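User: I would like to go through this model and ask, for each description, what it rests on.

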Amino acid sequence: MTKAVVLGAAGGIGQPLSLLLKVNPLITELGLYDIVNTPGVAADLSHIDSPAKVEGYLPPDDGLAKTLKGADIVVIPAGVPRKPGMTRDDLFKINAGIVRDLATGIAKTCPKAFVLVISNPVNSTVPVVVEVFKQHGVFDPKRIFGVTTLDVVRASTFVAEVIGDLAKAPSISVPVIGGHSGVTIVPLLSQSSQPLPSGYSQEQIAALTNRVQFGGDEVVKAKDGAGSATLSMAYAGAEFAEKVLRAVKGEKGIIAPSFVHLSADAAGGKAVQSEIGSTLDYFSARVELGPGGVEKIHPIGEVSEYEQGLIKAAVPELAKNIDAGNAFIHGSKL
Ligand SMILES: NC(=O)c1ccc[n+]([C@@H]2O[C@H](COP(=O)([O-])OP(=O)(O)OC[C@H]3O[C@@H](n4cnc5c(N)ncnc54)[C@H](O)[C@@H]3O)[C@@H](O)[C@H]2O)c1
Ligand SMILES: O=C(O)C[C@H](O)C(=O)O
């Protein structure tokens, strides 16, 4: 039996993500929570002929606790999205409070669940969850993940576009490390499983890197005030959740980048810190998943001089974002 929960389930990401989880045969129970519309979303999804039993709750009558009861994995896309002209950090004031309150619910009701944080800015909301868990004495770094999968999905797609063969996109793997906003997103194109065309220039590499780093802005601009990526994010979130669940069921060798607390694998975390020349507590690294969550943090490995420069630029920005998350909790009462 596996219970998955979506917090923010009635939103632009929440609805298609809940649909994808509902049709995932690994999930037998699906709990949906939002401040609006969850009973309707749950009723709608419950007619789909897949195994998961669906329930939807609103805040009254302990709706959050009822949704979270018995959860094995909790995905959080609750919070406001960007409009043109905004950075992800502009969302922090509102989303940090939302994520803090939801994390408090998880810490009290299902502290052993895997927590997948989608709400932006991920570089700061993950530290918010971690600090809340610490305050409740239930912090396990192996179980809390910032979802950076959309950057990985974008990198595969854009490389497939460059080689003019979208059919190859699903099999192309490009590690994307660092964090999830602007310059903290570091695609390692030199490690792409699909080599770039011969003669692909440094200018072209820089342009492709920039497209991955600012892919979110492409969608925000195209949606023109109606929000940010929702469908591609739902796809990416469902993909990462499935990887976590497959690893829990014993599948070996599942490796995916995710923004984690580097103490999740002390030796691996230290090795990454030495590669990036910093003692940052968090980094999106290639994480090997196992039955308990993070099993191993893999080293970054060989990178080009250009990518080394990208990592150097990411570190101070990440430090600022992480500090903001920590300060939010330590400056406010729970
Ligand atoms: N990690 C990523 O790669 C990534 C990608 C895309 C979007 N995002 C982020 O995901 C978040 C959601 O985006 P969206 O497009 O779905 O927004 P949305 O506005 O369409 O949906 C958000 C949902 O959260 C709900 N919500 C608000 N406060 C809540 C609370 N206290 N408890 C439960 N639910 C609450 C809202 O009612 C709404 O249904 C944003 O912060 C966005 O920036 C992250
Ligand atoms: O760009 C955004 O604000 C949403 C998300 O983080 C994305 O990368 O699409």
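Analyst: Helix H4 (residues 92-109) gives four residues to the shell around ligand 1, the most of any element; helices are DSSP runs of H or I with at least four residues, strands runs of E with at least two, numbered from the N terminus. This is a predicted model, in which local features need pLDDT of at least 70 and side-chain atom pairs count only at pLDDT 80 or more, while totals for chains, interfaces and linings use all residues. Residues are numbered from 1 along each chain as its sequence is written, and chains are lettered from A and ligands numbered from 1 in the order in which they are written.

User: What makes a residue part of the surroundings of ligand 1, and how many residues surround ligand 1?

Analyst: A residue counts as near if its C-beta atom, placed from the backbone, lies within 6 Å of the molecule; 34 residues surround ligand 1, with Gly8, Gly11, Gly12, Ile13 and Asn120 the closest. The shell draws at least three residues from each of domain 1 (3-146) and domain 2 (149-327), bounds that come from an automatic or database domain assignment.

User: Why are H5 and H11 called oblique to each other?

Analyst: The axes of H5 (residues 122-135) and H11 (residues 305-330) cross at roughly 40° and come within 8 Å. Angles under 35 degrees count as roughly parallel, over 145 as roughly antiparallel, 65 to 115 as roughly perpendicular and the rest as oblique, and H5 and H11 are therefore oblique.

User: Which element gives the most to the side of domain 1 that touches domain 2?

Analyst: In all, 37 residues of domain 1 are in contact with 38 of domain 2, contact meaning C-beta atoms, placed from the backbone, within 7 Å. H5 gives the most to that side of domain 1, with nine residues.

How values were computed:
Axes are lines fitted to C-alpha atoms, for helices over the stretch in contact, and angles run from 0 to 180 degrees between N-to-C directions. Two residues are in contact if their C-beta atoms, placed from the backbone, lie within 7 Å.
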